[in-house]
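Let's take a walk through a protein together, one piece at a time. Have a look at the sequence and the fold, and then read on.

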Amino acid sequence: MNGQVGIHHREDSFSSRWITYCDMYAIPYKLVNCFDSDIIEQLTGVDCLLWHWYHGDPREQLMARHVITAAEVMGIKVFPGSSTCWHFDDKIAQKYLLEAIGAPLVPTYVFYDLEKALNWIERTSFPKVFKLRRGAGSSNVKLARSTKDARSFVQQAFSSGFSPIPHYGQDAKKRYRVAKRRGDLMNVVKRIPQVLSRIRNTSKMMGREIGYAYFQDFIPDNKFDTRVTVVGDRAFAYTRNVRPGDFRASGSGDIIYDTQRVDQKCLEIAFDVTRKVGSQSMAFDFVLSEAGQPLILEVSYCFIAEFVHSCAGHWDSKLNWNQGHLWPQDAILVDLLKNVYPSRQYSIHPDRTV
C-alpha cells in the first residue's frame with residue numbers, strides 16, 4: 001500500500017468504525033478535515049477518501065459535493081462517490097434519476113410555476129402527498145387531502161416557502177419516541193437548550209425551500225413500508241410500521257426484523273437500481289401498490305447503521321441469504337479498499353464487535 005486512506009471524522013458518524021477497522025488491521029490512514037481551505041493539499045498522498053457527510057449540516061450541503069468531485073478529478077477513490085451522492089437529500093434530483101432509468105417510482109409531479117401547479121391541482125385526484133426536496137424521517141411530508149389543502153401548500157411554496165429544518169415540536173416528538181424506547185428521557189430533557197440553539201442556527205443557515213412544488217401519489221392501505229439498504233453486493237432489509245393515526249412509516253422507529261415481511265421483488269429492484277446508478281450504497285423506501293407491486297418513495301446513500309446492523313443477515317445479488325449481523329460501515333470500507341488495492345485481501349467478520 002503506497003498511499004493512505006483519508007478519513008474525515010465526525011462524532012456519531014460512520015467514521016468511528018472506519019478508524020477502528022484501520023487500527024485493527026494496520027491499514028495506514030490519516031484524518032483530514034474537509035472543511036479546511038487546504039483540503040486539496042491535505043489529500044496529497046491519499047488513495048481514497050471516506051466522508052460520511054450529513055444532510056442536516058448546512059456547511060456540508062454547501063460544499064461536500066464539490067470536494068468529492070475535486071478529489072475524484074485527482075484520481076482519488078471516494079466514498080460516497082459522485083454517482084452515489086449527487087442526488088442525496090434532494091427528492092427532485094431523485095425523481096429525474098429514477099425516471100431516467102425506468103425505476104418503479106411512485107408517480108411524482110414537480111412544478112416550478114405557480115399557475116401550472118394550480119391548474120394541475122384542479123385536474124388531479126386526491127389525496128396527494130406534498131414534500132420538500134430536503135429533509136429525512138418524514139419531517140417535511142404532508143398529506144393534501146383536498147384541492148384546498150394542495151392550493152394552500154402551493155401558495156406557500158411560491159411565496160414565503162418552508163423551512164427544511166423541523167421545528168422544535170416535531171424534533172421533540174421524534175426524540176421522545178427514540179428516548180422512550182432507550183429509557184433515556186432525562187438526557188433528552190437536559191439537552192433541550194442545546195437542541196433549541198442548534199435548530200435556530202441551522203434554520204438560519206439552511207434558508208427556505210421556495211419556488212417549487214413537489215407531490216407524489218398517495219398509495220393507500222400500506223400498514224408498513226420496507227427499507228432495503230444495498231451496500232455493494234449485500235442487501236439488508238426490514239419493515240417499519242406506519243405511525244398510529246398517521247400515513248407515514250419513515251421516522252416511526254417501529255421496526256420489525258422479520259424476513260417473511262420483506263417482498264423479494266423489493267430486493268431485486270434495489271439491486272437493479274443500485275447497479276444502473278453506479279452507487280456504492282443506496283437505501284430505498286418501498287411501499288406496495290394496490291396491485292401489490294413495489295414502488296420507490298425515495299432513496300439515500302446513507303442510513304442509520306445500527307438499524308442495518310440489527311438485521312439477522314443479508315441477501316447477495318443472487319438473493320442467497322447470508323446469516324450474521326454485519327456493520328455496514330465495515331462493508332463500505334472493505335469495498336472501497338478492494339477497489340483501490342485489488343491485490344490485497346480484506347475481510348468482514350459477522351457478529352464481531354470492534
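**A helix and its neighbours**

The buried residues of helix H1 pack against S1, S2, S3, S4 and H13. Before we follow that up, a word about what you are looking at: this is a predicted model, where local features need pLDDT of at least 70 and side-chain atom pairs count only at pLDDT 80 or more, while totals for chains, interfaces and linings use all residues. Residues are numbered from 1 along each chain as its sequence is written, and side-chain values use heavy atoms, with hydrogens and water left out.

Helices (H or I, at least four residues) and strands (E, at least two) are DSSP runs, numbered from the N terminus. Buried means under 20% relative accessible area, exposed means over 50%, and partly exposed is in between, with a 1.4 Å probe and protein chains only. A contact means heavy atoms within 4.5 Å.

Which residues of H1 are buried? In this helix, which covers residues 15-24, they are Ser15, Arg17, Trp18, Ile19, Tyr21 and Cys22. Just after H1, Ala26 takes a positive phi of about 55°.

Now zoom in on Tyr21, which sits in helix H1. Tyr21 counts as buried because its relative accessibility is 4%. If we set aside its neighbours within four places in sequence, Tyr21 is in contact with Ile27, Asp330, Leu333, Val334, Tyr346 and Ser347. Take Val334 from that list: Tyr21 and Val334 are 313 residues apart along the chain, yet their C-alpha atoms are separated by 9.4 Å.

Val334 is one of the buried residues of H13, and others include Ile332, Leu333, Leu336 and Leu337. Helix H13 (residues 328-340) lies across strand S1 (4-8), S3 and S4, running at about 155° to S3. Such angles run from 0 to 180 degrees between N-to-C directions, and the axes are lines fitted to C-alpha atoms, for helices over the stretch in contact. How far apart are the end C-alpha atoms of H13? They are 19 Å apart, which agrees with the 18 Å that its 13 residues should span at 1.5 Å a residue; the expected span is 1.5 Å times one less than the number of residues.

Next, look at the strands beside these helices. An open sheet of four strands has the order S2-S1-S3-S4, with parallel pairing. Its edge strands are S2 (29-32) and S4 (77-79), each pairing on one side only. From one strand to the next, the twist averages 25°. Two strands pair if DSSP finds at least two bridges between them; S3 (residues 46-50) and S4 pair in the parallel sense over three bridges.

Ala283 has Ser300 as its bridge partner in S13. The hairpin of S12 and S13 has five residues between the strands, and there Gly292 takes a positive phi near 85°. Strand S13 (residues 294-300) is largely enclosed by the rest of the structure, because six of its seven residues are buried.

Rings of Phe, Tyr and Trp (its six-membered ring) pair if their centres lie within 6.5 Å; planes under 30 degrees apart count as stacked, over 60 as edge-to-face and the rest as tilted. How many aromatic pairs does the structure hold? There are 19. Tyr21 returns here in a tilted pair with Tyr25, at 4.6 Å centre to centre and 40° between the planes. Tyr25 is partly exposed, with a relative accessible area of 30%. Tyr238 and Phe307 make an edge-to-face pair, at 6.4 Å centre to centre and 90° between the planes. Tyr238 lies in strand S10 (residues 234-241) and Phe307 in helix H12 (residues 305-309), so this pair ties together parts that are 69 residues apart in sequence. Tyr238 counts as buried at 3% relative accessibility, whereas Phe307 is partly exposed at 24%. Ring pairs also link Phe14, Trp18, Trp53, Phe79, Phe88, Tyr301 and Phe303 into a cluster.

Finally, step back to the whole protein. It has 13 helices and 15 strands, and 49% of its 354 residues count as buried. Among contacts between residues at least 6 apart in sequence, 65% join residues at least 24 apart.
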